[in-house]
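Me: Got a model here that I'd like to go through with you. Can we start with the pocket?

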Amino acid sequence: MTSGTATPSTGVLIVDDDELIRVGLRAILDAQPDLRVLGEAADGAEVPPLVARLRPQVVLMDVRMPGIDGIQATRRLLATSADPPRVLVVTTFANDEYVYEALRAGASGFLLKRARPAEVVEAVRVVARGESLLFPAAIRRLAGAYGGRGADRLASARLTDREAEVLRLMTTGLSNPEIATHLVVGVETVKTHVGNVLAKLGVRDRTQAVIAAYESGFVTPSG
């Protein structure tokens, strides 16, 4: 008889009104030793109670659903849960106003429904680690098409020059190690700066910080 430590699994909730999509995502995720689908929902209204009962780490959220869509469901989830899971929006089209609004509402990233199984798995693992699934070019296009000038959170955030520099590099999609290399500093120093940026902006992850940077005009879609 062998013994060992079980691989910790990441719990996932799948929310999509298309049963075929739910079945496909479940098959992809349940085939991984470190991922486990805890439940499914066909409407955004089901999300808060299911999250409270199942406690998933990640919610795969269809952005367009009848009834309560992915944007409303994301807002409700983040408003009602003391420790909300990460939300990964699943969409048919990348250049979609719904996607941008879902990111503004608090989603950590988005995933195309035509993504390959390996891409789906990696996306779930990335957001489960507390990282953001950033596609800089796509977010730049979305911000240019749908981003209105919102409240200038940067003006009141009082970022230091170095924190502002780190935020600007974050908008390009660089990871902490890449930012560290660019600035010729240690990774832990970058982590501290990133944490300060998130705290000062009052956001929970890098995606929200990037959205705030565009909304405030700190960076522009044109470059």
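Reply: Domain bounds here come from an automatic or database domain assignment. This is a predicted model, where local features need pLDDT of at least 70, side-chain atom pairs count only at pLDDT 80 or more, and totals for chains, interfaces and linings use all residues. Residues are numbered from 1 along each chain as its sequence is written, and side-chain values use heavy atoms, without hydrogens and water.

Me: Which domains give at least three residues each to the lining of the largest pocket?

Reply: Domain 1 (10-133) and domain 2 (150-216). A pocket is an open set of points on a 1 Å grid over the protein atoms alone, where a 1.4 Å probe fits, with protein on both sides within 12 Å along at least five of seven lines; lining residues have an atom within 4 Å of a point.

Me: Which residues lie nearest its centre?

Reply: E131, S132, S175, N176 and R206, out of 17 lining residues. Helices α9 (176-183) and α10 (187-201) each give two or more.

Me: New topic. How do the axes of α3 and α4 cross?

Reply: At roughly 5 degrees, coming within 9 Å. That makes α3 roughly parallel to α4 (angle under 35 degrees).

Definitions and conventions: Axes are lines fitted to C-alpha atoms, for helices over the stretch in contact, and angles run from 0 to 180 degrees between N-to-C directions. Helices (H or I, at least four residues) and strands (E, at least two) are DSSP runs, numbered from the N terminus. Angles under 35 degrees count as roughly parallel, over 145 as roughly antiparallel, 65 to 115 as roughly perpendicular and the rest as oblique.
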